[in-house]
Amino acid sequence: MKQLKGAVKALGIVVALSLGTHAGQAAAEGFPDKPIRLVVPYPPGGNLDITTRAITTAMARYLKQSIVVENLGGAGGSIGAGNVARSAPDGYTVLSTTIVPLVVNPTLVPGTKVKLSDFEPVGMLAVVPSVLEVNAKNKQGITDFKGFIAYAKAHPGELAVAHSGTGTTNHIAELLLEQDFGIKMNPIPYKGSAPALADLLGNQVDGMVDQLTSSQPQIQSGALTALAVTSAKRVSQLPNVPTVAELGKPDFEMVTYSALMTPKGTPRAVRQVLNDALAKAVADPDVQRQLASIGSEVVPSTIDQAGQIFAKEEAKLQPLLTSGVLKPENAR
């Protein structure tokens, strides 16, 4: 009797899985047959917004359906992310996001409930490195990374180093630099890169970690000196600037990945349709050129690879969050 019950239970599981697979495949047939709403959880004009629009414009051509991009900012990206998490898991509402709203904000932003496990991956969009930089005429006379580290060690807590906001990848890169090189800086949070860059150019702060997309023009003009990039390999826009990994910490990497996500429960077959169009979009030379011009590099991926990249980023951040090293600060 027990064997019979076990067999019946096993058969039930198989039937349920089979029905679920067929339901997902059925949902994907003819998908999409109406416009897709894609939420960017930040204001227009930023790197994620520009990246999203470039890629999804191409995706729409391959899907033969329009994609309507909606900027829904607030609470460091959590408002837009929460809106998507509460939407129907049918593939018609998609989130374009970095790791910050889904992993950092639940710890740093009071009342934030949305998290990474509330979403299913579709695929990666792009990656943007950050750069450690100083004013070319800085009063400390720093000209390279080794000089920066030496000064920081000799003057603990003295170097005021700006970043674009608490919990951003730029802020996290500063914390990792402190941790890995045994230095103490004075991190100064700002509400975005623009005001921080203005103060750096005015020598009001001593340095900054910023996304390459924001600082590239000032570096190329000679106003700022790039000391190191935070990516695993050198970037084509700054071929003579070494990586932090080259300068003593082989495993150092802190970049800004972006990806498309759908609400939890969205059928894999539906997400695969989106991933197929995304793969064609990021392979488009025009899209690649457009993103390269703002310091971004496309990241081709499968659904599973996208999930693995975000899981790896989450694992990297957890020690900083649970130890209290990464904590709320007041931004300028």
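Reply: In this predicted model, Phe181 has a relative accessibility of 12% and therefore counts as buried, the cut-off being under 20%. Over the face of the Phe181 ring lies Lys249, at 5.8 Å from the ring centre.

The count of aromatic pairs comes to 2. One of them joins Phe31 and Tyr92: the ring centres are 4.9 Å apart and the planes stand at 65 degrees, so this pair is edge-to-face, an angle over 60 degrees being required for that class. Phe31 belongs to the loop between α1 (2–28) and β1 (36–40), while Tyr92 belongs to the loop between α3 (78–85) and β3 (93–97); the contact therefore ties together parts that are 61 residues apart in sequence. A charge accompanies this pair as well: the charged end of Lys34 sits over the ring of Tyr92, 4.7 Å from its centre. Phe31 is buried, at 8% relative accessibility, and Tyr92 is likewise buried, with a relative accessible area of 13%.

Phe181 returns in the aromatic pair with Phe145, which is also edge-to-face, with 5.2 Å from centre to centre and 70 degrees between the planes. Here the partners lie in helices: Phe145 in α5 (residues 145–154) and Phe181 in α6 (residues 169–181), so that the pair ties together parts 36 residues apart in sequence. Phe145 has a relative accessible area of 3% and is buried, as is Phe181 at 12%.

How values were computed
Residues are numbered from 1 along each chain as its sequence is written. This is a predicted model: local features need pLDDT of at least 70, side-chain atom pairs count only at pLDDT 80 or more; totals for chains, interfaces and linings use all residues. Side-chain values use heavy atoms; hydrogens and water are left out. Rings of Phe, Tyr and Trp (its six-membered ring) pair if their centres lie within 6.5 Å; planes under 30 degrees apart count as stacked, over 60 as edge-to-face and the rest as tilted. Helices (H or I, at least four residues) and strands (E, at least two) are DSSP runs, numbered from the N terminus. Buried means under 20% relative accessible area, exposed over 50%, partly exposed in between (1.4 Å probe, protein chains only). A charge sits over a ring if NZ of Lys or CZ of Arg is within 6 Å of the ring centre and within 35 degrees of the ring normal.
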